[in-house]
Amino acid sequence: MVRVVEDVFGIAVNPMTQKTDHVRRFTLCSEKGMSVAILTLGGIIQSIRVPDANAKLEDVCLGYDDVAGYYRNQKFYVGAIIGRVADRVARGRFNLCSKEISLSRNHKDLYHLNGGYVGFDSVIWDVVGIHKDGVTFQHVSPDGHEGYPGEVTVNINYSLNEAGCLGLRIEARAKETTCINIGHHCLFNLAGHSSGRDTLYQHMIMIKANKIVDTDLEQIPTGKLMPTRNTPYDFSTLTNLGKRLNQVNRCPISGFDNNYCVDVDPNQVKLVARAVHPCSGRFVEIHTNQPGVHFSTANGLPQEDRGDVPHVGKGGAHYSQHSAFCLQTQKYPDAMNNPEFPTVIINPGQLYDHQVVYRFGACPKRV
């Protein structure tokens with residue numbers, strides 16, 4: 001039976017109200033030892049403790065020990081809910097209902113990124129439900145915030161079960177026609193959050209896709225989809241991540257930061273990706289009803305071996321480039337400027353429904 005334990009993680013200023021508020025933490029605990037800690041700040045998943053093949057527990061997601069750590073490293077969106085629209089919007093502009101919509105251009109003053117200066121990752125969410133297996137958070141995004149039309153109410157239900165499944169159900173409704181594409185940016189290392197780059201290279205990755213969204217050097221979509229077969233971007237079968245990282249290390253991005261196009265029915269939750277750490281036996285499967293999986297490998301974290309300033313996380317751990325991966329379910333980036341992409345337009349009365357399940361487990365480890 002899952003238990004839900006609440007404590008106070010810290011104090012922060014809510015940017016929506018400019019008032020100081022408590023940041024509450026809810027820890028979902030299973031009888032098998034798995035636990036997940038969720039913060040009202042940004043809807044952040046702060047910790048995921050999972051047993052390995054020998055029942056040894058490790059925290060497998062990157063994060064920080066206090067509110068100051070999240071504020072100091074806000075640009076990395078570690079563990080946070082991303083919205084109102086995840087990823088990039090070219091020039092921070094798009095047409096909607098015969099009107100040009102102008103958004104904040106919070107990245108290089110060139111384009112809109114991950115909801116703007118004050119996205120869903122920055123606000124303190126309201127707690128609207130505490131359940132036997134989880135919690136429900138709510139945020140009301142006002143009309144005009146960061147340039148987006150229409151008030152939007154978002155509810156996120158976090159749940160855990162004894163089968164090792166961490167579920168997020170993200171639902172939203174808008175009062176006007178607007179755009180919604182919400183993501184969850186959890187950075188994983190199945191060997192343990194503090195274990196670093198060498199263990200990430202041991203991981204095996206599978207993504208059920210044969211195309212990625214083609215982008216320019218600023219990672220703005222060109223409108224085309226690029227086949228992955230016979231390229232370093234092919235993870236259609238379980239593939240060693242270290243080998244693939246070595247193949248793309250000299251590319252401009254120096255790692256992976258790509259939206260994979262997966263074939264799912266929006267009314268069904270299906271397996272779209274799997275990651276395995278053979279040395280510990282831990283694995284995670286990603287099940288979703290979304291058509292995109294944005295796969296990234298912490299490319300922006302520092303390279304201490306080249307003299308970069310250390311990035312300090314939980315327990316004093318040093319997080320470095322290529323020390324974690326993210327499999328963020330979403331729709332395609334810049335979809336509002338690419339009508340052939342799955343739509344991110346939501347009309348009044350229409351339900352935005354994003355489901356993702358992270359199924360954790362362990363198989364016999366390989367030494």
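Modeller: Two strands are said to pair if DSSP finds at least two bridges between them. In this predicted model, nine strands form an open sheet with antiparallel pairing, in the order S11-S12-S13-S14-S29-S23-S22-S17-S20. Strand S11 (126–130) and S20 stand at the edges with a single partner strand each, so one side of each is left without a neighbour in the sheet. In general, the strands of a sheet pair through backbone hydrogen bonds.

Consider next the pairing of S17 with strand S22 (residues 270–276), which is antiparallel and runs over four bridges. Here Ile 205 stands opposite Ala 275 of S22.

Strand S14 (residues 165–174) holds Leu 168. With a relative accessible area of 2%, Leu 168 is buried, since buried means under 20%. Among the residues that Leu 168 touches are Ile 45, Ile 81, His 184 and Tyr 358.

In H3 (residues 241–248), the buried residues are Leu 241, Gly 242, Arg 244, Leu 245 and Val 248. Seen down the axis of H3, these residues fall within an arc of 160°, so they line one face of the helix. On the other side of H3, Lys 243 and Asn 246 are exposed. Finally, Asn 240 caps the N-terminal end of H3, with a side-chain oxygen 3.3 Å from the backbone nitrogen of Gly 242.

Terms used:
Residues numbered from 1 in each chain as written. Predicted model: local features only at pLDDT ≥ 70, side-chain atom pairs only at ≥ 80, totals over all residues. Heavy atoms only, no water. Buried < 20%, exposed > 50% of the residue type's maximum accessible area, 1.4 Å probe, protein only. Helix = DSSP H or I, 4+ residues; strand = E, 2+ residues; numbered from the N terminus. Arc of directions from axis to C-beta. Polar contact = N/O pair within 3.5 Å; in protein donor to acceptor, adjacent residues only side chain to side chain. Contact = heavy atoms within 4.5 Å. Lists of a residue's contacts leave out its neighbours within four places in sequence.
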